[in-house]
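Here is a short briefing to read alongside the sequence and the 3D view. Keep both open as you go, and pick out each residue as it comes up.

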Amino acid sequence: MDELARARMAHVLHHRKAGLSLGEPVVPVISVATTFHLPEAQGAAYYYGRSGQPTWDAVEAQLAILEAAEVVAFPSGMAAISAALIACLRAGARVMIPSDGYYVTRLLGRDLLAVYGVEVVEVPTLEMAAADFTGFDVIYIETPSNPGLDVIDIAAISVRAHAAGALVIADNTTMTPLLQRPLDLGADLVVAADTKAPAGHSDALFGHVAGRDANLMARIREGRRQSGSVPGPFEAYLVHRGIETLELRLARMCETAAVIAERLAAHQAVKRLRYPGLSGDASYAIAQKQMLNGGFLIGFELASEAEAEAFLSACPLIEQATSFGGVHTAAERRARWGDSVSPGFIRLSVGIEPCEVLWSAIAAALPGGNC
Ligand SMILES: *Cc1c(COP(=O)(O)O)cnc(C)c1O
C-alpha cells in the first residue's frame, strides 16, 4: 500500500467524527426503517427505504473515500455489475467483455444482455490489449482476471477505448480500491464484489459501483431505486465493519501470499504458478505499474485433478470453498466450474493465518509432503 491508500484508510476510520453531535453513537446504526418521518417532502434526507437509508450511506461514505469517487452500493457484486452495464448500454450497443473473467459476468452477457439486443463480444484479457475497439460502446475489463490472473494495462486500454468513443468499466474485485485505482488510470466506472475482501468474513453479499461522472452515477443511483436492487441494512453494517479492518487484513494476506507464491513456485510438485507480484510472472511488468502489490490470490497447477483434490482435502488450513478474500485461506479447482484451466489448476486465496503456520500445513499436504 502506498501513502495515499494509507491516508485514505485512516480517514475511513475517522470520517464520521466531524458529523457527530453530542451523544451520537460512534459506529453507524443498523437502520431497519422502511419509512421515515415525513410531514413535508422537502429537505428530508430519507423518505422510503428503497430510495436511500442511513446504513447504506455509511458504507457508501467509506467506499467513496477509498475510491475518491461517488459510490452506489448494491446487494451483490453481480447487482453492481448489472447496474453499471445497464446504465451504459441500450439496444444495439456493443460491449467487449473478457472471455477469461468471472464466469457469471459472461453468463449475464449471454443470457440477459443479448436478449435485450446488446451485442456482447468475448475476448481473452491478454488479447484485449491489441483488440480493435471501433464500434464498441463499453470495454469491460477485469484485472487481474479471475481465475487466470492475467493483467491488462488499465491506462493504455482507457486511452484507446476513449479514442474509440467507448466507456471503460473495470471489475476491481481482486484488488480492492486499496491496492489498485482504476479510476485514476482512466476507467470510467469501477465495479466490485465487496462480498470478497472488503466484507472479508464470508458472511455478507455486497457490491458497489464507483465513478466520477455525476450524470452517470445519478443514472445508476436512480436505476437502483427503479429496479429495486437494494442492499439489506444488516449486510451494509457487516461490510462497514469489514472495511474498517480491510487494510490490516490485506497487508497480512498479501505479504503471506508473496512468500507462499515464491515457495510454491520452487516446489517440485507445482507445474505452473501465477502470481502477478512474482518477478518472472507474465503479469509482473504491468502489475508493477498499476497494482500496489501482488494481491492475495495465487493460481497454480498440480499434475492432475486427483492430485489437486488430494492436496485440498489433506490441508487442514485450507477451506475447500469457492469465493476468495476472506480471513480463512480457501482454495478450489476452478475447472469444476468450467473455467478454461487445466484440471489440476487451483486458485488459492490466502487468508490471515500466520504465514509460517500456513506454509507448514501447505507443504505437508503437497505431493511428497508428510501428510
Ligand atoms: C465474486 C465476483 C463477482 C460477483 O460478486 P457477487 O457478490 O458474488 O455477486 C464479480 N466479479 C468478480 C471478479 C468476482 O470475483
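The protein is divided into domain 1 (3-243) and domain 2 (247-365). Please keep in mind that this is a predicted model.

- The centres of domain 1 and domain 2, taken over C-alpha atoms, are 26 Å apart.
- Where the domains meet, 35 residues of domain 1 are in contact with 32 residues of domain 2.
- The largest nonpolar core has 35 residues, and the members that touch the most others are V59, L178, V239, I243, L250 and F296.
- Two or more residues of this core come from each of α1, α2, β1 (70-74), α8 (233-244) and α9 (246-265).
- Helix α2 gives the largest share of the core, with five residues.
- Because domain 1 (3-243) and domain 2 (247-365) both give residues to this core, it lies between them.
- To see part of the packing, click on V59: leaving aside neighbours within four places in sequence, V59 is in contact with F206, A236, V239, H240 and I243.

**Around the ligand**

- There are 15 residues around the ligand, and those that come nearest are G77, M78, D171, T195 and K196.
- T195 has a polar side-chain atom 2.6 Å from an oxygen atom of the ligand.
- G77 uses its backbone instead, with an N or O atom 2.8 Å from a ligand oxygen.
- A polar side-chain atom of N146 also lies 3.3 Å from an oxygen atom of the ligand.
- On its own the ligand has 380 Å² of accessible area, and the protein covers 93% of that.

**The loop between β4 and α6**

- T143 and P144 are joined by a cis peptide bond, with omega about -5 degrees, and P144 sits in the loop between β4 (138-142) and α6 (154-163).
- A cis peptide bond also runs from N146 to P147, with omega near 15 degrees, and the place of P147 is in the loop between β4 and α6.
- L149 is not a glycine, yet its phi is positive at about 65 degrees.
- L149 lies in the loop between β4 and α6, and is buried because its relative accessible area is 3%.

- S283 is in the loop between β8 (272-274) and α10 (284-290).
- Is S283 buried or exposed? S283 is buried, with a relative accessible area of 3%.
- Not counting residues up to four places away in sequence, S283 touches L149, D150, V151, R274 and P276.
- A polar atom of the S283 side chain lies 3.3 Å from the backbone nitrogen of V151.

- R333 is in strand β11 (residues 330-333), and at 7% relative accessible area R333 is buried.
- Which side chain does the side chain of R333 meet in a polar contact? The partner is the side chain of E309, at 2.7 Å.

- G43 is in the loop between α1 (3-14) and α2 (54-67), and is exposed, with a relative accessible area of 81%.
- From G43 to E67, 24 residues along the chain, the C-alpha atoms are separated by 28 Å.
- L167 is in strand β5 (residues 167-171) and counts as partly exposed, at 28% relative accessibility.
- L167 and Y140 are 27 residues apart in sequence, with 8.3 Å between their C-alpha atoms.
- L167 touches C88, D137, V138, I139, D188 and L216, not counting residues up to four places away in sequence.
- S323, in the loop between β10 (319-320) and β11, has a positive phi near 80 degrees although it is a residue other than glycine.
- S323 is partly exposed, with a relative accessible area of 28%.

Notes
Residues numbered from 1 in each chain as written. Predicted model: local features only at pLDDT ≥ 70, side-chain atom pairs only at ≥ 80, totals over all residues. Heavy atoms only, no water. Helix = DSSP H or I, 4+ residues; strand = E, 2+ residues; numbered from the N terminus. Buried < 20%, exposed > 50% of the residue type's maximum accessible area, 1.4 Å probe, protein only. Core = buried A, V, L, I, M, F, W, Y, C linked by side-chain atoms within 4.5 Å. Domains from an automatic or database assignment. Contact = heavy atoms within 4.5 Å. Near = heavy atom within 4 Å. Polar contact = N/O pair within 3.5 Å; in protein donor to acceptor, adjacent residues only side chain to side chain. Areas by Shrake-Rupley, 256 points an atom, 1.4 Å probe, with all protein chains shown as cover.
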